[in-house]
Amino acid sequence: MRILILILLGIVTSIANGEHNVLDSLLKQAQQYRVEDTNRASVLNQLSIELSNSDFEKGMAYADSSISLCKRINSDIKLATAYYAKARNLSSDGQDSLAIANYQIAYDLNKKIGKELACGTMLQNMGISFYNLSYYKKATEMHTKALAIFKKLKNEKGTSAALNSLGIVAMELSDYSHAIEYYFESLDLAKRNNDSVVIANALMNIGIVYKNLSDLNKAITYMNNALRIYQQQSNDLYIAKAFNNIANVYGEMKQPGKSLEYYQKALEINKQSDYEYGIASNYINMGIELRQLNRYTEAYNALDKAGSIFRKIDDKNNYGISLKTKAALLLAAPDSVFPSLGISVSQRNSVSKNLLHEAQNIFSETGDYASLSDVSDDLCNMFEKSGDYKNALELYKQRVAYRDCVLIDENKIEVEKLEMKYDYATREQELKVANIQKQAELKSEQLKRKYTLAGGIALMLISGGFFVSYKRRKDALHKRKEAELNTERIESELKALRLQMNPHFMFNSLNSITNFIDQHKTQTASDYSVKFAKLMRMVLENSENPEVPLADELQSTELYLSLEAIRLKPKLTYSIDIESSLDAENIMIPSMLLQPFVENSIIHGITPLSDGGIISISIRQQEQWLYITIDDNGAGISPDKPALTERKSMAIKISNERIALFNERHQTHASIEYVQLNPGTRVVIKIPLTLQF
Amino acid sequence: MIKAVIIDDEQHCIDRLCNLLPEIKNPVIQLSGTAQTVDEGISLISKHHPQLVFLDVQIADKTGFDLLKAIPDAQFQVIFTTAHDRYALQAFRFCALDYLLKPVDADELQAALLKVNASKNNSVISEQISELLKGVGTKPRKIGVPTLNGIVFVPVSEIIRCHADGNYTELHLAGKKQMVVSKTLKEFENLLADYSFFRVHHSDLVNLDYVKSYNKGKGGYLMLDDNSSVEVSSRRKEELLKKLGSM
């Protein structure tokens with residue numbers, strides 16, 4: 001079990017390359033070894049954990065199947081690992097709240113079976129997820145607990161990971177004195193154990209703290225020390241990161257030449273290892289330095305290269321930043337530069353405007369209000385200069401609005417930070433490294449940093465996790481907001497769809513009644529109409545509500561089946577089977593969910609059979625999901641008939657739409673799956689288990 | 001044998017019942033006549049003194065309620081028949097009066113007639129009808145509750161909470177009274193939907209007018225005026241607080 005060391009080790013790509021073979025062999029094992037025992041669970045768990053770095057959706061699926069396997073074979077040990085694996089994947093997907101819940105389950109299980117080290121690992125990872133959610137107090141609490149366990153067990157790897165994380169949280173809170181303390185402790189520990197990787201990382205982080213404290217000479221010294229170790233280990237990616245960071249500090253020192261030199265070195269390495277994110281970051285930083293040196297053409301080209309790579313790897317935010325920086329450069333550049341850029345001077349404003357507009361679109365997509373506000377500011381200035389006051393005012397207003405959004409976002413984080421600071425203050429720890437005055441200076445320095453791109457990029461590089469998690473949180477926040485806005489629309493669309501089901505239903509039944517009358521089966525017609533009236537009443541009532549108790553839905557399905565049984569007598573038999581532990585009165589499901597699928601099974605499965613067939617509906621729970629399975633032993637798929645998925649009635653199309661909207665509304669992954677049976681067809685509807693009480 | 005009349009403005013509805021009734025063996029129904037307007041119905045009843053009236057709700061431009069108002073000391077039982085009239089159904093349920101939905105189901109008809117045969121207490125019938133008439137078009141004050149000794153009318157405002165007990169429901173009333181009713185909690189929840197009742201839990205429906213305090217917790221719990229405490233399901237907490245806040 002690897003401990004997830006966040007941030008410092010932004011080496012996801014290098015791991016992926018190195019471990020391709022591991023992944024392949026695991027996949028092979030998973031395919032070949034199918035005995036339901038702890039060995040298979042181990043393989044599934046490892047696979048899931050490996051995948052959490054690259055393909056978290058697959059990783060989650062493996063974790064899920066491992067969880068159900070472990071429950072079947074009653075292995076708490078493997079089950080704990082499976083939950084851990086699931087949490088890792090959830091965290092990669094940005095679903096940190098859910099990740100925490102799963103870590104918690106894993107923690108409880110490990111506690112139960114007395115696996116203390118694993119408990120520590122869970123706490124450590126929970127801390128990281130809390131950090132991603134900006135719950136710094138909780139994060140610190142978890143890391144501190146984890147640290148205590150690791151120390152007690154004399155587990156050095158864990159101890160340095162926990163110290164490292166504590167340092168990172170402290171750094172985020174601008175509490176540099178504590179950050180540096182943690183890093184030094186980690187450094188001491190690593191030195192005692194001769195763990196050169198951790199030594200180098202600690203040195204690098206200490207360097208970053210000094211950079212943030214504006215003690216730039218010290219920063220360079222520490223970073224160089226780290227660099228030397230990375231070089232001894234020939235760890236290219238880290239060497240590149242170190243070069244990048246050193247370049248960044250030189251930039252701060254107003255030594256653009258030196259800075260460029262180091263960026264160039266970083267770039268060469270990143271190019272060798274094809275690390276695109278690194279390459280793009282180097283280019284964008286170089287662009288900024290080149291502009292300082294008034295080398296506009298080179299600067300513009302560097303930014304251009306950065307932009308196209310970010311665009312290629314779908315890093316939207318950084319792509320936006322490259323556009324915005326390009327626009328700023330064009331607006332500031334002297335006229336003489338333009339011919340070499342292939343842009344005529346007269347186009348200066350229009351090209352810049354387009355760049356800014358594109359950036360604006362990107363940032364509103366990613367929900368980065370801070371950047372949006374900046375872009376609006378740039379546009380506003382541009383319009384003002386060109387005398388277009390109307391547009392300038394409009395943009396000024398936008399800017400203010402975005403600013404407010406940023407403030408709301410930041411408020412929560414600020415409160416957390418204050419709370420943490422209070423906690424730190426009450427601890428009786430003396431500042432050892434930096435003095436209080438420096439701290440005060442730092443606050444304003446930090447604010448500046450926020451808007452200084454160069455600083456931002458450097459930090460991002462060394463602390464890939466910082467940026468990724470921040471962006472992820474932003475994205476998630478944005479998605480949630482959008483979902484809220486959409487709720488009303490979705491509700492009304494859902495209602496409209498539910499209502500569309502009614503006439504469809506009615507006419508089908510009326511058709512049957514007509515058939516009976518035509519065949520002079522008056523008694524059957526009479527029985528049928530009475531049932532039909534009942535069903536109609538139920539459908540009308542249920543379709544008023546977005547969700548109904550499962551019991552009601554099953555009752556109307558049963559009634560529908562009994563109607564069809566009358567019509568097809570004696571061809572159709574049916575059964576409805578619900579897992580005894582489920583309380584159908586308390587489980588809520590979207591109303592009118594089953595009927596279209598049952599109908600499809602009858603029309604395409606049972607009706608063509610000469611001897612009749614069986615429809616079996618079964619309801620099962622697995623984890624937090626409800627599985628509704630509709631089986632028929634009917635005609636299934638054959639060459640002369642349209643493929644299974646194509647025989648979709650109007651009602652099924654509506655149902656698919658409803659599920660899609662349902663997912664949008666509840667941010668979930670309900671699904672409908674078709675499976676070919678021999679003979680027959682199975683439809684599996686998977687929806688989240690929702691209880692009324 | 002039970003003497004009955006049918007009052008309905010639609011001939012085919014009358015025909016349906018006329019076809020079904022001879023099939024019923026217990027109790028045997030003797031049909032004394034049918035009517036298609038309220039006025040005809042009134043004279044039909046005064047002429048034959050039936051024990052049972054099948055009464056449609058909407059009869060041309062009048063209602064079955066108009067007919068009942070015109071006969072103040074009704075000595076007959078009523079089974080309402082209606083196709084789809086949500087408000088009327090709610091009123092019937094409230095007074096524990098029987099009704100049949102059209103088209104009439106033979107089994108349901110049989111069940112309703114068995115009940116007619118069993119209850120012969122005329123004073124309860126007139127109370128049911130008078131409560132029904134009071135309640136039509138307004139929010140009824142009392143709810144008819146079927147008990148072992150017949151139907152008892154309980155003021156809604158005296159119900160503190162309803163507690164589920166399988167297919168039965170315990171009513172906890174003001175003055176430390178208690179009743180056990182053979183209705184599900186869900187039925188009570190539906191009946192009392194327009195009042196200040198709230199389902200706080202799988203097994204408890206609470207009259208929010210009797211809430212003394214709310215104690216925080218995962219779902220938390222409510223303290224009621226009768227000093228009982230009722231657990232709140234964590235899924236209901238948010239909505240409960242919203243309701244309590246708006247009161």
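## A tour from a surface patch to a hairpin

Start by selecting Leu393(A), Tyr396(A) and Val400(A), which make a nonpolar surface patch of about 280 Å². Patch residues have over 30% relative accessible area and no salt bridge, with nonpolar side chains joined within 5 Å. This is a predicted model, in which local features need pLDDT of at least 70 and side-chain atom pairs count only at pLDDT 80 or more. Residues are numbered from 1 along each chain, and chains are lettered from A in the order in which they are written.

Now click on Tyr396(A), found in helix α21 (residues 389-426) of chain A. Is Tyr396(A) buried or partly exposed? Tyr396(A) counts as partly exposed because its relative accessibility is 45%; that class lies between buried (under 20%) and exposed (over 50%), using a 1.4 Å probe and protein chains only.

Next, move to chain B and colour its open sheet, where five parallel strands follow the order β2-β1-β3-β6-β7. Strands here are DSSP runs of at least two residues, and helices are runs of at least four; strands pair if DSSP finds at least two bridges between them. At the edges stand β2 (29-35) and β7 (98-101) of chain B, each with a single partner strand, so one side of each has no neighbour in the sheet.

Zoom in on β3 (residues 52-56) and β6 (residues 77-82) of chain B, joined by five bridges. Here Phe54(B) stands opposite Ile79(B).

Finish at β15(B) and β16(B), a hairpin with five residues between its strands. Select Gly220(B) in the turn: its phi is positive, about 85°. Asn215(B) has Tyr221(B) as its bridge partner.

Technical notes
Heavy atoms only, no water. Patch = residues over 30% accessible without salt bridge, like charges linked within 9 Å, V, L, I, M, F, W, Y side chains within 5 Å. Areas by Shrake-Rupley, 256 points an atom, 1.4 Å probe, with all protein chains shown as cover. Salt bridge = Lys/Arg side-chain N within 4 Å of Asp/Glu carboxyl O.
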